[in-house]
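Reader: Hi! Could you walk me through this model while I have it open?

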Amino acid sequence: MPYNSTPYNYCPVCGQTLQETVIDNYLRKTCPVCSFVHWGDYSLGVGGVLWHEGKVLLVQRRHNPGKGMWTIPGGYVNQDEPIGDAVKREIFEETGIRTKPLSLIALHDRPSEKHDAYIIFLMDYLGGTLQGQDEEVSNLGFFTLEECQNLALPSVTLQALKASHSATPGLTLNSKAELLSPLSAIYQIF
Ligand SMILES: [Zn+2]
């Protein structure tokens, strides 16, 4: 019965002192007044592998985590933002390059105090001018695989580059699926 996420003391909805309740064999913080249950802490990130004229777009991280490392561009998904929109937005903000998602090629799952899922897309090049975002990016560019060997790449980026060369297309957006919410989408094998 672990409780590994943020040890909240007060209900974020009504301010009542939270109590501990075992739900489905898992210790949860719950509110005795309103219906709030702290289910956990999660974060959702996206990254995109963009090949253009035989070179891949990489950015050098200005800050930790991964300061100085070269990674595919990406970032966190906003609360109400479809993941395909998030990856386009993050790549444009970080690099000035306009793209569109082709398929979902990898997912990095990292359970910890904040359970992090990082979804990796293969992207298509649309256009734009290479312009790094000063706040987050210290350097950027398009690199051949050979040039990548001289850069410090984290293992997740290496795996993403490998996945981008797979003969299988990954998961693609089913634009014909009828789903309950207009913002919902399903990525699937066809
Ligand atoms: Zn409450």
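Author: Happy to; we can start with the ground rules and then go through the parts.
Author: This is a predicted model, where local features need pLDDT of at least 70, side-chain atom pairs count only at pLDDT 80 or more, and totals for chains, interfaces and linings use all residues. Residues are numbered from 1 along each chain as its sequence is written.

Reader: Good. What does the protein chain average in pLDDT?
Author: The average is 94, and 98% of the residues score at least 70. pLDDT is the predictor's confidence in each residue, from 0 to 100.

Reader: And where is confidence lowest and where is it highest?
Author: Strand β2 (residues 26–30) is lowest, with a mean of 92, while helix α1 (residues 83–95) is highest at 98.

Reader: How many helices and strands does the protein chain have?
Author: There are 3 helices and 12 strands. Helices (H or I, at least four residues) and strands (E, at least two) are DSSP runs, numbered from the N terminus.

Reader: Thanks. Which domains does the assignment give?
Author: Domain 1 covers 1–40 and domain 2 covers 42–172; such bounds come from an automatic or database domain assignment. Their C-alpha centres are 35 Å apart. Along the principal axes, the C-alpha atoms of the protein chain fill a box of roughly 60 × 40 × 25 Å.

Reader: Sheets next! What is the strand order in the open sheet of 3 strands?
Author: The order is β1-β2-β3, with antiparallel pairing. β1 (19–23) and β3 (37–38) are the edge strands, each pairing on one side only. Between β2 and β3 there are 2 bridges, and T30 sits opposite V37 in β3. Two strands count as paired if DSSP finds at least two bridges between them.

Reader: What about β9, is its pairing with strand β4 parallel or antiparallel?
Author: Parallel: β4 (residues 42–52) and β9 (residues 115–128) share 9 bridges, and L50 has M123 in β9 as its bridge partner.

Reader: How many bridges pair strand β8 with β9?
Author: There are 12, in the antiparallel sense, with β8 spanning residues 97–110. The two strands make a hairpin with 4 residues between them. D109 has A117 in β9 as its bridge partner.

Reader: Nice. Back to α1: how far does α1 reach from its first C-alpha to its last?
Author: It reaches 18 Å with 13 residues, close to the expected 18 Å. That expected span is 1.5 Å times one less than the number of residues. After α1 comes G96, with a positive phi near 80°.

Reader: Which residues of α1 are buried?
Author: They are A86, V87, K88, E90, I91, E94 and T95. A residue is buried if 20 or more other C-beta atoms lie within 10 Å of its own, exposed if 12 or fewer, and partly exposed in between, with C-beta atoms placed from the backbone. Across the 190 residues of the protein chain, 22% count as buried.

Reader: What do the buried residues of α1 pack against?
Author: Their packing partners are β4, β5 (55–61), β7 (74–76), β8, β9 and β10 (137–143). Contact here means that the C-beta atoms of two residues, placed from the backbone, lie within 7 Å.
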